[in-house]
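Hi everyone, thanks for coming. I'd like to walk you through one structure today, starting with its symmetry and then moving to a sheet. Let me put it on the screen.

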Protein chains: 2
Amino acid sequence: MDWKGRVSPKTISRLSLYRRLLTDYAANEHAERIYSHGLARLAGVSAAQVRRDIMSVGYSGTPNTGYEIRALVDHISAHIDAPEGQQVALVGVGNLGRAILSYFSGGRRAQLKVVAGFDTAPEKTGRVLLGCRCYPMDQLAEVARRERITIGIIAVPASVAQETADRLVGAGVVGLLNFAPVPIKVPLNVFVENVDITIKLETVAFFALRSR
Amino acid sequence: MDWKGRVSPKTISRLSLYRRLLTDYAANEHAERIYSHGLARLAGVSAAQVRRDIMSVGYSGTPNTGYEIRALVDHISAHIDAPEGQQVALVGVGNLGRAILSYFSGGRRAQLKVVAGFDTAPEKTGRVLLGCRCYPMDQLAEVARRERITIGIIAVPASVAQETADRLVGAGVVGLLNFAPVPIKVPLNVFVENVDITIKLETVAFFALRSR
DNA sequence: CCCTGTGAAACAGTTCACAGCG
DNA sequence: CGCTGTGAACTGTTTCACAGGG
């Protein structure tokens, strides 16, 4: 696949957002086309930003007519999805883990499937929760290999987050989404995204204070 | 303390992280001082970055000796906390809402307190959950005013996220942390941070695929 | 016209590199 | 020396502004 130059995480995130907004928009408004400024309004970004992002997936609209939604969505998908799909493991099936599962059990995207949950608490394992089978921690390596899992979601307490990351990486995972409030260290060939909710809230609080 | 030249959200987020890391580090390692490269290693950023960030709170370390942890933490707190604290409302007491509550019920920071939860489901209201009293939605305005709530956390389904945001803003909230997978629109004097978990996961999946 | 595509400018954030000091 | 503080350089991202087209 030839894709021109590097695409930044920010662009990828926006493309993912555009795809979802466009899918909803096409379904709800029965529209087939959209302008850059229309999509911009939906996404809360500038029209120029939308055009740049769309450039990066190699799709072209037509002047005065805008973008063909279906075609645009297909181009975005071709650029950001793995052709064969990707399997995801969720470690930590507490409140947060279950909340995450419910986001994905809707079955919107078959692209990314949470195929296994793991937890140390015996009462949470051996069950199927929101369509996701849950296993005890010590089966992680085995299940990860069997299910071809490449992505891990860390939803465990901070005290065991690094250890969890290490085990996931050891089991062949190359992408991690970490919700534990501690930065985790991984080899450079593994991509990590830290989502630290308390930091987010403190940041909101800071700017809220100054926006009055 | 008129250092309030523009500080970026990214810097604020890192400062919040530094503060937590330093607090833990001082407690666990019984250390009183730290070098920029030491803090950098803990936070997973560069030493130059740490020094820049610390500059922005107006604290100075000493050459060869590094930073005095206690003093540094105090400077960070003085810079990012509201002197009188801030009250937070959580709307949506489902799995995600409860997960968020458990992050803050630890009582680490008395600075930011989730003082009220709101939900439409009657069985979730009228109770105290993880130290947070839960009310029915129609008491939002009243409670928000009484408790001097300035920050709102949106943990409701996408379909009612915008409506929820509007009600919070109407009740005087000036900062929003939105977990619903839809961008919300607010007046410019309100600060919003969108945390879209499905987008995060798709972004991780994209880069995992390409990480050599 | 009113769109899109895009070079160029502007802006933001990060790192470099070194002076200065204990 | 080995550290911090910081101007300057650099890198990445967003916006501007306008050519080109149906």
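So, this is a predicted model, and superposing chain B on chain A takes a rotation of 180° with 0.0 Å of shift along the axis, at an RMSD of 0.0 Å. The two copies are therefore related as by a two-fold rotation axis. The contact residues fit that picture: 95% of those in chain B recur in chain A, with the same surface serving both copies. Which residue of chain B comes closest to the rotation axis? That is Asn95(B), whose C-alpha lies at 2.5 Å.

Now to the sheet. In chain B, seven strands make an open sheet with mixed pairing, and the order is β5-β6-β4-β3-β7-β8-β9. Its edge strands are β5 and β9 of chain B, each pairing on one side only.

Let's look inside the sheet. β3(B), residues 86–91, and β7(B), residues 149–154, run parallel and are joined by five bridges. There, Leu90(B) stands opposite Ile153(B).

One is α5 of chain B, which touches β3, β4, β5, β6 and β7 of chain B, at about 155° to the direction of β3(B).

Thanks, happy to take questions!

Terms used
Residues are numbered from 1 along each chain as its sequence is written. Chains are lettered from A and ligands numbered from 1 in the order in which they are written. This is a predicted model: local features need pLDDT of at least 70, side-chain atom pairs count only at pLDDT 80 or more; totals for chains, interfaces and linings use all residues. Side-chain values use heavy atoms; hydrogens and water are left out. Copies are superposed by least squares on the C-alpha atoms of residues with pLDDT of at least 70 in both. Contact means heavy atoms within 4.5 Å. Two strands pair if DSSP finds at least two bridges between them. Helices (H or I, at least four residues) and strands (E, at least two) are DSSP runs, numbered from the N terminus. Axes are lines fitted to C-alpha atoms, for helices over the stretch in contact, and angles run from 0 to 180 degrees between N-to-C directions.
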